[in-house]
Amino acid sequence: MEPAPGTNVTLRDVAAASGVSLSTASRALDERGTASRSAAAAHVRKVAEELGYRRNSFASSLRRGETRTLGVLVPRLSDTVMALMFEELERAAAARGYFAMVATSGDDPDDERRAAETLLDRNVDGLILATARLDDELPRLLRKRGVAHALVLRTDGESPSALGDDEIGGYLAVRHLIDLGHRDIAVVTGPAFTSTGIARLAGARRAMEEAGIAARDEWLIAAGYGIENGYTAGETLLAKHTGKRPTAVFAANDNIAMGIMAAAHRARITVGADLALVGYNDIPLSARLPTPLSSVRVPLDQIAGTAIDLIVNPGKEPHIRRAMPTLIPRESSGSPRHT
């Protein structure tokens, strides 16, 4: 019997119209495994399509004790890296049969906890945190409660984490500058409460120590990850009254590097000639700037897939997994005029 117009088509309707049992119709329309190629299953799917049947995957997931949904917490989606990271997480989740939903925290621990509780209230199967500060209590609380979760792009050293090898990335950036002949090198890192800022600075220091270069404290600046933070740091490093200025700068992300570029332009310093500059993350804009920016590329797609797997396939070792970064040299880095 054909359902009345305007009513929701149920699995029972499909089974009746197909002339099969309810369990047979359910197996034919189950999207979790490989679709049956039998004539009976094909007939059921054809009838379901003609009737306009739509499987309620949310209800069936709840019956199995899961929703096939993952919550993603990011500081802000206005940050290019965070937006790109979420897109990769969304793709990786979809490839594994999951749906990803995002919430923002503004890097505020209280807002982060509230957003996490909101996502958990929606019965997500796990949380992915791109917001983990080293002093953040949320990962510890999630571990204590047994909530499936993974940190992405950052780590607290304990929770499952998927990130780039930030220490190697910082090393590659500064080693590149050293190989070009620079010895007066400044480093503008991210916030001190992030594992990324600490690790990238550690890599930069290791490269300088290997080359016998003493890092100058006034040239090691901790900043935020925004363009305005880079501009302020650039003004400090390139001010005329400071005497000797660095000939090269490693910026711990591309936004910082772009801010330094703007400060250099205002000070009539030419990036790539008077000042070498290397960023981090290699966002799409980096290659399209008036002076294309050398940057350390991080494989966001690989990191996203790893983060999802840490939740949906737990128990595999190691639980902190680092992807290898790659240096992408462009016109912004160059050798000093006087070595």
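**Entry 1: helix α6**

I looked up what comes after α6 and found Asn 123, whose phi is positive, near 60°. Helices here are DSSP runs of H or I of at least four residues, strands are runs of E of at least two, and both are numbered from the N terminus. The model is predicted, so I kept its limits in view: local features need pLDDT of at least 70, side-chain atom pairs count only at pLDDT 80 or more, and totals for chains, interfaces and linings use all residues. Residues are numbered from 1 along each chain as its sequence is written, and side-chain values use heavy atoms, with hydrogens and water left out.

I then checked the length of α6. At 1.5 Å a residue its 13 residues should span 18 Å, and the end C-alpha atoms are 18 Å apart, which agrees. The expected span is 1.5 Å times one less than the number of residues.

Which residues of α6 are buried? I noted Glu 112, Ala 115, Ala 116, Leu 119 and Leu 120. Buried means under 20% relative accessible area, exposed over 50%, and partly exposed in between, with a 1.4 Å probe and protein chains only. Seen down the axis of α6, the buried residues fall within an arc of 135°, so they line one face of the helix. The arc is that of the directions from the helix axis to the C-beta atoms. Arg 114 and Asp 121 are exposed on the other side of α6. The cover over the buried residues of α6 includes β1, β2, β3 and α7 (138-145).

At the start of α6, I found a side-chain oxygen of Asp 108 within 3.0 Å of the backbone nitrogen of Asp 110.

**Entry 2: Ser 105**

I moved to Ser 105, in the loop between β2 and α6 (109-121). Ser 105 counts as buried, at 4% relative accessibility. Not counting residues up to four places away in sequence, Ser 105 touches Val 74, Pro 75, Asp 111, Glu 112 and Thr 131; contact means heavy atoms within 4.5 Å. One of these, Glu 112, is on the list of buried residues in α6. I also took the C-alpha separation of Ser 105 and Leu 77, which is 9.9 Å for 28 residues along the chain.

**Entry 3: helix α5**

I ran the length check on α5 (residues 80-95). Its 16 residues should span 22 Å at 1.5 Å a residue, and the end C-alpha atoms are 23 Å apart, which agrees. The buried residues of α5 are Val 81, Met 82, Met 85, Phe 86, Leu 89, Ala 92 and Ala 93. They fall within an arc of 130° seen down the axis of α5, so they line one face of the helix. On the other side of α5, I found Ala 94 and Ala 95 exposed.

What covers the buried residues of α5? The cover includes the strands β1 (69-74), β2 (99-104), β3 (126-129), β4 (149-152) and β9 (276-281), as well as α12 (300-312).

Asp 79 caps the N-terminal end of α5, with a side-chain oxygen 2.9 Å from the backbone nitrogen of Val 81. After α5 comes Gly 97, with a positive phi near 85°.

**Entry 4: the largest pocket**

I recorded a volume of about 360 Å³ for the largest pocket. Of its 23 lining residues, the closest to the centre are Asp 79, Met 82, Arg 154, Tyr 225 and Asn 253. A pocket is an open set of points on a 1 Å grid over the protein atoms alone, where a 1.4 Å probe fits, with protein on both sides within 12 Å along at least five of seven lines; lining residues have an atom within 4 Å of a point.

Which helix gives the most to the lining? It is α10, with three residues. I noted that α5, α9 (195-210) and α10 (227-238) each supply at least two.

**Entry 5: Ser 161**

Ser 161 lies in strand β5 (residues 161-164) and counts as buried at 0% relative accessibility. Its side chain makes a polar contact (N or O atoms within 3.5 Å, one able to donate a hydrogen and the other to accept it) with the side chain of Thr 155, at 2.9 Å. Leaving aside neighbours within four places in sequence, the contacts of Ser 161 include Leu 151, Arg 154, Leu 310 and His 319.

**Entry 6: positive phi outside glycine**

I looked up Arg 268, which has a positive phi of about 60° although it is not a glycine. Arg 268 is in the loop between α11 (254-266) and β9 and is exposed, with a relative accessible area of 76%. Asp 282 is not a glycine and has a positive phi of about 50°. Asp 282 sits in the loop between β9 and β10 (294-297) and is buried, at 12%.

Technical notes
Grid points are joined across faces, edges and corners, and a volume is the space filled by probe spheres set on the points.
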